[in-house]
Amino acid sequence: MSSETKFVRVGIVDDDKIFRYGFRKLTEIKGLFNEILEFSNGKEAIDYLKDPNNSNHLPDALFVDINMPIMDGWEFNDAFGEIKSQLPKSITLYNISSSIDIEDISRAKKNPLVADYLLKPLDENYLAEIAGNLQGSGDQVNYN
């Protein structure tokens, strides 16, 4: 068994540039991901995923805010579901929000495309667990 971890690229889809900056800084300081793609709305992310020129640079996971202009997280989930089978790799989808509305949480958790619903501010221990899962390490710890 190899002790090497794979290169992990993730995307953050959020209209709040301060949150995107914080996500990038936290994950860089903790060394969680090798590369972070940033998108300010769902349409921008979908356009990136659909562009054949990006097929070798797709993220392993996307962290998608549910409340954004242009294309919100719910619309993104639907659009992602339509293109998922055409993508050259599997992408794990996480919805993120500051909303503690039980309807939002339930809606995300019932969607088979969504791995989990994460509340802002994001739990750095849970992000580390997600990073470990994406890297394929056997050192997975459940912080829930």
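Let's start with the contacts of Asp-116: leaving aside neighbours within four places in sequence, this residue is in contact with Leu-93, Tyr-94, Asn-95, Lys-109 and Tyr-126. Contact here means heavy atoms within 4.5 Å. What you have above is a predicted model, where local features need pLDDT of at least 70, side-chain atom pairs count only at pLDDT 80 or more, and totals for chains, interfaces and linings use all residues. Residues are numbered from 1 along each chain as its sequence is written, and side-chain values use heavy atoms, with hydrogens and water left out.

Back to Asp-116, which is found in strand β5. Helices (H or I, at least four residues) and strands (E, at least two) are DSSP runs, numbered from the N terminus. Asp-116 counts as buried, because its relative accessibility is 12%; buried is under 20% relative accessible area, exposed is over 50%, and partly exposed lies in between, with a 1.4 Å probe and protein chains only. Its side chain makes a polar contact of 3.0 Å with the side chain of Lys-109, and another of 2.5 Å with that of Tyr-126. A polar contact is a pair of N or O atoms within 3.5 Å; within protein, one must be able to donate a hydrogen and the other to accept it, and residues adjacent in sequence count only if both atoms are side-chain atoms.

Now for Ala-115, also in strand β5, residues 114–119. Ala-115 is partly exposed, at 46% relative accessibility. Not counting residues up to four places away in sequence, Ala-115 touches Thr-92, Leu-93 and Tyr-94.

Next, Asp-14, in the loop between β1 (9–13) and α1 (17–30). Is Asp-14 buried or exposed? Buried, with a relative accessible area of 0%. Its side chain reaches the backbone nitrogen of Asp-16 at 2.8 Å. Beyond four places in sequence, the contacts of Asp-14 include Phe-19, Asp-65 and Lys-120.

On to a pair of helices. In α2, Gly-42, Ala-45, Ile-46, Leu-49 and Lys-50 meet Phe-76, Ala-79, Phe-80 and Ile-83 of α3. By class, that contact has 7 nonpolar, 1 polar and 1 charged residues. Ala, Val, Leu, Ile, Met, Phe, Trp, Tyr, Cys and Pro count as nonpolar, Asp, Glu, Lys and Arg as charged, and the others, Gly among them, as polar.

Finally, confidence: the protein chain has a mean pLDDT of 90, and 91% of its residues reach 70 or more. Over residues 138–144, the pLDDT is below 50; pLDDT is the predictor's confidence in each residue, from 0 to 100. Where pLDDT is low, the predicted coordinates should not be read in detail.
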